[in-house]
Amino acid sequence: MEQVLFRHNHPDRMVSLEEYRLEGGFEAWAKAVRAMSPDEVQQAVIDSGLRGRGGAGFPTGKKWSFVPRDLPGPRYLICNCDEMEPGTYKDRVLLEKNPYLLVEGMALAAYALQVNHAFIFIRRGYEQAAHNLRQAIDEARRAGLLGSNILAGGFSLELDLHQSAGRYICGEETALMNALEGLRANPRAKPPFPAIKGLWGQPTVVNNVETLANIPAIIERGPAWWKGLAAIPEAAGTKLFCISGHVQKTECIELPLGITLGEIIDGPCGGMRPGSSFKACIPGGASTPYFTSDHWQVAMDFDAVAKAGSRLGTGGIVVFDQNTCMVGATLNLIRFFARESCGWCTPCREGLPFVQHILERIEDGLGRPEDIDILREHVQRLNYAFCALAPGAMGPVEGLLRLFGDELDEHIAKGKCPFKGSRSH
Amino acid sequence: MPKLIIDTIAVEVPEGTNVLEAARSVGIVIPHFCWHPALGKAGACRVCAVKILEGTPKGVQMSCMLPAQDGMVVSTGDEEAVALRRSVIEWLMINHPHDCPVCDEGGECQLQDFTIAGGHSIRRYDGRKRTYINQYLGPYIEHEMNRCIQCYRCARFYQEYAGGTDFGTMGRAAMIYFGRQQDGQLESPFSGNLVDICPTGVFTDKTARFRARYWDYDMAPSVCPHCSLGCNTIPAARYRELLKVMARRNDAINGWFICDRGRFSNAAVNTPERPRQPLVDGQEVDWNKALDTLAERLQKFLEIHGPESLAIVGSPRMSMEGNIMAARLRDFLKAGTLSYFEDTELNRRTLEATGRLTRDTSASLADVRGADLVAIIGCDPSEQSPMMALAIRQAWRKGARVFRVESGRSEAGDTGISPLYESSHADSVASLPLAEAARPVLICGTNEAGLEALQITPPAKFAFLLNGPNAFGCAELAAEQGAASLAEALAAGTIKGVVAFETDLADDLPDNIQVLATADWRATALVERAEIVLPTTAWVEMDGTFINNEGRAQRFKQVMHPGLPIKGLTPELHPPHGFRKTAPGSEPTPAWQWIELLMSRMGAQSLDAPLSGHWERLKQLDPEQGGLSVLHERN
């Protein structure tokens, strides 16, 4: 299978700048900055069908096109590397293996957007990735690939790395901008949208690491070629999937978008662990509703997964076997989200702990039939939170109610968790 | 002007009005906590949900976040919106301690009102409530974080609106904390507004703690007497004791807020040292006796020294009514001197400044907030009139340029611990880039620099910081009545005796001057010295009129009856067992009434009410209608 993001990777170490360049690295950047107009770069990205890899899957080229080119003052590009979605670790692997790909991708994006100052906002825990990035930025600057008048093409770009103080909400793009400005990481009201008024009130684009890392290949090999990497015609390009849970092999792998769930688990994951059978999985990171064996044949692409009632999200697949208590699994996720709420709006700040309390009650055998109604109510009403954190957090709860109602009822009827004591992992 | 329909009522509102305000304009109250007119939208509490039936975006929306648009159809009673509002209240009530019976906010609590209005009564959450450790925030404000509903109003006000840096938001998720890094008195001179702005009982007025419920208060619309700006207030009293002061909205002046001086400097009203009984030569007498003695001694004084040796002294801290009557007393006794200002220069400058202001050139605090250039000339707003500094900050926040012309005392205010605005230095008024500004306001002290600034050609507006809540009124009267400064009259050597009303004459009033009488509610040095003391009512114990620094006459209403606070009575008298017609310590009478009584005692016939003749137009002043300018529309 053709790889774009992991093409240059070495199993045991980070690729060097020399190796990356020998294998064609920064050629797309040189080509763009010398021979392409910013509009041509943007058009290539639009044509490629690249969709945001950070979770929402918004078409990247379209996002760029919202940025007005005639406003006075600077524009900014931010790379969102605040990867904190449980089950997701693709950006870390990518940056630990090859930070140059991101540097080149950001340079191309900055060129398309005519941004002269770009930022990488990286999660506090990603020390190695930050170290690698710092090195890559330094080397690129020394090689004349960043800085002023890059490759004599007349374009200048400064790239700054910002290590986050750390919080899940910093992954929300407007909260991220607040954090970058030194304010509390609370999301901002939209409108105005970041494309119009973002960082320090200027037009700003926020893209995920993996999104940006795809751009060199799109420019180098052309959008049509890149698009064709997908397994199905509706999809475009490859995707990093992060597999964890009860499978043989848990790792981050680059696969064509549109490959089925079953193909991923039985293929590169080597199937379930001995004694385990597939019960369910989180298909795209902690905020996505569960898939069951009914979804085995679903093509892992944005639209297909959405059609099947979940979201492709970040591609973080967490697999559960037959001994997993889905109430317990959901509770685990809700604890994370309740803790990571920024505390700005009432539904998220107070609603998530309420949901957590109800799930704890059920899991501890103290559940009551009316608790199901409370959960249902929250699935609906947390949609009215200020940002997408609370609605996302309710994804697994929605899945639990829809797919594992029997399991919930059993907890309540028996007055205990039917899986207690039987957990084999 | 978008036209929309809210619950079948057609509404037309100015562009940019949000749906919540549009609904309010036709009397539909949508519950809200985080939204505040002065702080704007936050979208945090989610309780103002409505359903948009027509228009974009459709569906359940937060009415505070959504600008009213033409053709919009809004339902506030929609089932889905009501359900969400109900959920929000339930969420907020999960951790709220329900300690209303021991909470000072009980009865004046927005959370209580909206919780009851929404019908929330059954608790479904049976877990533990979160609790916090409260902080000592100084002697004025009590902190009770357990009651907090995280609307963020306090932090938004304190940091954004008022520029404070020692208080803010900490923590995250369900552990949000509003407080300081460590215990300690709040540094902002506007900290008391936290009490008003908190929709529940996190911040309460410590000075009035556990004293009364909202429905127990004696309250009336009033005006702050602590500087010349005339901020609108609501003093609250009970049992003849002034308990606390709250801000009263006036968009032209103070907006929604007042400064801490205005809020917390009112102990003088209740103090035991306050003169409450008429005194003759240090002996307590009844008011008849006091007036008889005064009339007698005045008569004698006039016979011996002649009327030209008598000075009648009014004061910028006395109401218009008192000062008008002081002039009438002068006329009646043909006294040689009428004085409203002690200092000669201050007298001249105040008259000159107020005399040259017109309706077009006098700046209200609203004008300052809306200015695009502010110049501070020879004064220190933070020190003299903090609300002026707060108004300058609002202009600065909206992008106005702020200049300090000359140094003076202004440095302290500009470089203090919590700077309210950034300012740059300008050498002179002439060097200000006034031509580049559309709405410049010059803020001046009552000094030569301020008067020089007045020379510049409009369209600039001016705001003078005067000395006293009725300094403007006194200046008008002084001009009208030909009053001189007391110092000038003293220097001329003609004065042998004074009758003073609510004045703070300097301690060094020469020994050879006979202080025949002083009428005051404050225990001043003059009260110690006067032969006859007539106790007057404080501003909260009477109706009256002040004219603020911009020439706006404002009526303040009687809040409470004068009298010894029940708390202040001796144990023998409490609980009161005796039967009496008047409350103890209730002799204080408004200064203007003392004058009227004195004049009729001395034979004056058919006395007009103070606000008559030239001042008749102030009679119909409505304390809740924003006041009335006494300025002419002249250039």
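Student: How many residue pairs are in polar contact between chain B and chain A?

Tutor: This is a predicted model, and the count takes in pairs with both residues at pLDDT 80 or more. A pair of N or O atoms has to lie within 3.5 Å to qualify. Between chain B and chain A the count is 22 residue pairs.

Student: Which element of chain B gives the largest share of the side that touches chain A?

Tutor: Strand S4 (59-62), helix H2 (79-95) and strand S7 (168-170) of chain B each supply at least two residues of that side. The largest share is 10 residues. The element that supplies them is H2(B).

Student: How many residues of the side of chain B that touches chain A are nonpolar?

Tutor: The contact takes 34 residues from chain B and 29 residues from chain A. On the chain B side, seven residues are polar and eight are charged. The nonpolar residues there number 19.

Student: What area do chain B and chain A bury between them?

Tutor: The size of an interface is often given as the accessible area lost when the parts come together. Here 55% of the buried area is on carbon and sulfur atoms. Of the area that chain B buries against chain A, 27% is supplied by Trp91(B), Arg124(B) and Arg172(B), more than any other three residues. The area buried between the two chains is about 2600 Å².

Student: Which residue of chain B meets Arg368(A) in a salt bridge?

Tutor: Four salt bridges are found across the interface of chain B and chain A. For the one with Arg368(A), the N to O distance is 2.7 Å, and the cut-off is 4 Å. The partner is Asp126(B).

Student: Within chain A, which residue forms a salt bridge with Asp303(A)?

Tutor: The domain assignment of chain A gives domain 1 (17-227), domain 2 (238-321) and domain 3 (326-414). Between domain 1 and domain 2 of chain A there are two salt bridges. In the bridge of Asp303(A), the closest N and O atoms are 3.1 Å apart. Its partner is Arg51(A).

Student: Which helix of chain A gives the largest share of the side of domain 1 that touches domain 2?

Tutor: In this contact, 17 residues of domain 1 of chain A meet 20 residues of domain 2 of chain A. The largest share of the domain 1 side is three residues. They come from helix H5 (residues 90-97) of chain A.

Student: What area do domain 1 and domain 2 of chain A bury between them?

Tutor: The C-alpha centres of these two domains lie 27 Å apart. Carbon and sulfur atoms carry 54% of the buried area. That area is about 1400 Å².

Technical notes. Residues are numbered from 1 along each chain as its sequence is written. Chains are lettered from A and ligands numbered from 1 in the order in which they are written. This is a predicted model: local features need pLDDT of at least 70, side-chain atom pairs count only at pLDDT 80 or more; totals for chains, interfaces and linings use all residues. Side-chain values use heavy atoms; hydrogens and water are left out. Domain bounds come from an automatic or database domain assignment. Contact means heavy atoms within 4.5 Å. Buried area is the accessible area (1.4 Å probe) that two parts lose on being put together, summed over both. A salt bridge is a side-chain nitrogen of Lys or Arg within 4 Å of a carboxyl oxygen of Asp or Glu. Helices (H or I, at least four residues) and strands (E, at least two) are DSSP runs, numbered from the N terminus. A polar contact is a pair of N or O atoms within 3.5 Å; within protein, one must be able to donate a hydrogen and the other to accept it, and residues adjacent in sequence count only if both atoms are side-chain atoms. Ala, Val, Leu, Ile, Met, Phe, Trp, Tyr, Cys and Pro count as nonpolar, Asp, Glu, Lys and Arg as charged, and the others, Gly among them, as polar.
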